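Okay, thanks for coming, everyone. Let me put the model up and then walk you through the side chains.

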Amino acid sequence: MAHMSLESYYKVNFALIQHHKYSLTEIENMMPWERDVYVTLLKQYIEEENIKAQQRKS
């Protein structure tokens with residue numbers, strides 16, 4: 001979290017809880033690097049899904 005603002009920290013936690021069904025306990029029990037890995041993987045997944053959706057529209 002050292003590289004993230006407090007606002008960003010809460011926004012990411014909220015997104016993980018609301019949209020990806022993590023519990024706050026699961027998030028808080030993650031090692032900082034582990035949380036970064038999951039957030040990076042989720043960003044990649046969302047980007048890929050957005051590209052697929054755009055391709056289906058075309």
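When I say helix, I mean a DSSP run of H or I with at least four residues, numbered from the N terminus. R35 sits in one of those, helix α3.

Quick housekeeping: this is a predicted model, so local features need pLDDT of at least 70, side-chain atom pairs count only at pLDDT 80 or more, and totals for chains, interfaces and linings use all residues. Residues are numbered from 1 along each chain as its sequence is written, and side-chain values use heavy atoms, with hydrogens and water left out.

Back to R35: is this residue buried or exposed? Buried, and without a salt bridge. Buried is under 20% relative accessible area, exposed is over 50%, and partly exposed is in between, using a 1.4 Å probe and protein chains only. A salt bridge puts a Lys or Arg side-chain nitrogen within 4 Å of an Asp or Glu carboxyl oxygen. For R35, the nearest side chain of opposite charge is D36, 4.8 Å away; Lys and Arg count as positive, Asp and Glu as negative, and His and chain ends aren't counted.

So where are the salt bridges? The structure has two. K11 pairs with E7, closest N and O atoms 3.1 Å apart, and both lie in helix α1, residues 6–20, four residues apart. K11 is exposed at 53%, and E7 is exposed at 53% too.

The other pairs K52 with E49 at 3.7 Å, N to O. Those two are about one turn apart in helix α3 because they're three residues apart. K52 is partly exposed at 41%, and E49 is partly exposed at 28%.
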